[in-house]
Amino acid sequence: MRNLLAANFLRLRKSALFWGVLAFCLGTGALMALQLYQMNQYEYFPLDGAFFTYPIFVCIIIAVFIPLFFGAEHSGHAIRSKVAAGHPRAAIYAANLLTGTAVSLLLCAAYMAVVAAIGIPLVGPVSMALGQAALMVLGSLAAVAALCALLTLVAANCERTSVSAAACVLGVFLLLIASIYIRSRLLAPEYLNGSWNAAGEYVPGLPTPNPQYLGGPQRAVFEVLNVFLPTCQIVQYASQQGQDAGWMPLYSLLVILLSTAAGIALFRRKDLK
Amino acid sequence: MTKLLGANFLRLKKSALFWGTLALSFGFGAFMCVTRFREHLDYGFAVSLDSVFFGFAMVAGIVTAPFIPLFFGTEHSDGAIRNKLTVGHSRIAVYFANLITSFAAAVAFFAAYLLACAAVGIPLIGALDLPASATAAALGGSLVMTAAFCAIFTCATMNCSKKAVSAVVCLLGVFTLLLAAVYLNGRLDAPEFITGYEMSINGQVVNAKPEPNPAYLTGMKREVCQFLYDLLPTGQSIQYSNVNFTDPVRLMELAAAVCAAFTGAGAMLFWRKDLK
């Protein structure tokens, strides 16, 4: 296992893709901090708006990185060589998962560091209390790690790098869109100070039930998805609205355990040709 | 060229990716119609087929972005392009045959979506309310916009030997362009004046004075944003899917220009490409 990890980190150190995504992350962080500074010329916005956006960027970046980096092991037959050298498949899977998670946490740290380095001197520190901010950071890192586990499951069990890359990128974007939709439906108020006419236009007036409000079993399903899906958690952390922040890391841990167990089971049976 | 097209269409006919995407397009059309019908039943909204019929324009880029690199990228990895050149086909003919095939596949996806709208939508939510001229303009414009998407993705696919990289580039590119179009749409839709409210003690609005909106774009900035919004195929996607466009001829001209620019650049780069 230690040898596998050392080999992965050595390959990482020489990977143009890794240095490219790290540079992209640093650049995006700097851009977000400078944009916030520009917005502060008209009205005060605390650093929180730029600081906590990293899970959104990192989840898109790792959807590209994990299938491309580990997919090369399928096409370059490195996995077969590792198995032939006597490493168990579960160890190969775990080493890849740990490497992917380490990269994503490093990307998060790089983003936060650059936003803090540029943002604090320009607009001041985050307005959130230190304990709450630490909880948000830890929770968001757990959500990113859960997404890593899901992406490793796809990348390790799909031999074609192109298919796993397309599936991961498309999947993450569609999950992010679905997460924003789920959140907007859950946040819809139960009553409106007005009503909707037949043409779907809003007419101000007395409080009336909101047709967009989710009730009953459908709301329960949406609430479960909202705390379980890593992208839903990421959207909540990025908008600094993680009401279930105390519990969400546990759900992330559950996603990591389930997806890793499923991934290892599938990878063990996989025909490596 | 005819032989190249024949070979491409034969491969298309046997491709699980093509039939899967076709089925997804049909399913998406049916899903949109059923969703509108449920909204009508649950909330009593007046719905018409207009709100879903042009919806494929919104997802045309997302559907073709993975399809084109995955389908044509195989020609790079399997050495099929080199074989085509070895038997005497010119690089330009290979490029155009792939571009035409990708456009034909995209039109088939669009047709599957429209078929679903007609088969499921008309019985549930009725026929189109739009005049024939607006329908023709939206459909024609959507086709030219789809051709622009195909030209962009074919350019990326034919000039990138690694299928996985071209798939990622196309997907990231289309989502980035979509976000850019949504941002531009938001800036252009900002109202010129904001109504300021003053509330009395009992919560009644007593004075509502319109104030200039600092986010409203004027002058050159507005013209540049409008031009970019019209030029981007994703900007056109939003306009066609909402059936909210003022000058379809201008949009078609811009889409044709994008198509010509990317085809010219793509063919030129492919002509010089080292196929190893």
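Which residues is B:D129 in contact with, leaving aside its neighbours within four places in sequence? I looked this up in what is a predicted model, where local features need pLDDT of at least 70, side-chain atom pairs count only at pLDDT 80 or more, and totals for chains, interfaces and linings use all residues. Residues are numbered from 1 along each chain as its sequence is written, while chains are lettered from A and ligands numbered from 1 in the order in which they are written.

**Entry: B:D129**

I found B:D129 in contact with B:S48 and B:D50, neighbours within four places in sequence being left aside; two residues are in contact if their C-beta atoms, placed from the backbone, lie within 7 Å. B:D129 sits in the loop between helix 6 (91–125) and helix 7 (132–158) of chain B, where helices (H or I, at least four residues) and strands (E, at least two) are DSSP runs numbered from the N terminus. I noted that B:D129 counts as exposed because it has 11 C-beta neighbours inside 10 Å; a residue is buried if 20 or more other C-beta atoms lie within 10 Å of its own, exposed if 12 or fewer, and partly exposed in between. I also took the C-alpha to C-alpha distance from B:D129 to B:K13, which is 36 Å for a separation of 116 residues in sequence.

**Entry: the two chains**

For chain A I read 11 helices and 2 strands, in the order α-α-α-α-α-α-α-α-β-β-α-α-α from the N terminus on. Its C-alpha atoms fill a box of roughly 75 × 50 × 35 Å along the principal axes, and buried residues make up 39% of its 273 residues.

For chain B I read 11 helices and 2 strands, and its C-alpha trace spans about 85 × 45 × 35 Å along the principal axes. Of the 276 residues of chain B, 39% count as buried.

**Entry: where the chains meet**

I found 15 residues of chain B in contact with 16 residues of chain A. On the chain B side, helix 2 (16–43), helix 4 (56–77) and helix 8 (163–189) each supply at least two residues, and the largest share, 7 residues, comes from helix 8 of chain B.

**Entry: a helix pair in chain A**

The axes of helix 6 (residues 89–123) and helix 11 (residues 248–269) of chain A come within 9 Å and cross at roughly 135 degrees; axes are lines fitted to C-alpha atoms, for helices over the stretch in contact, and angles run from 0 to 180 degrees between N-to-C directions. Helix 6 and helix 11 of chain A are therefore oblique to each other, since angles under 35 degrees count as roughly parallel, over 145 as roughly antiparallel, 65 to 115 as roughly perpendicular and the rest as oblique. At the contact, A:R89, A:A90, A:Y93 and A:L97 in helix 6 meet A:T260, A:G263, A:I264, A:F267 and A:R268 in helix 11.
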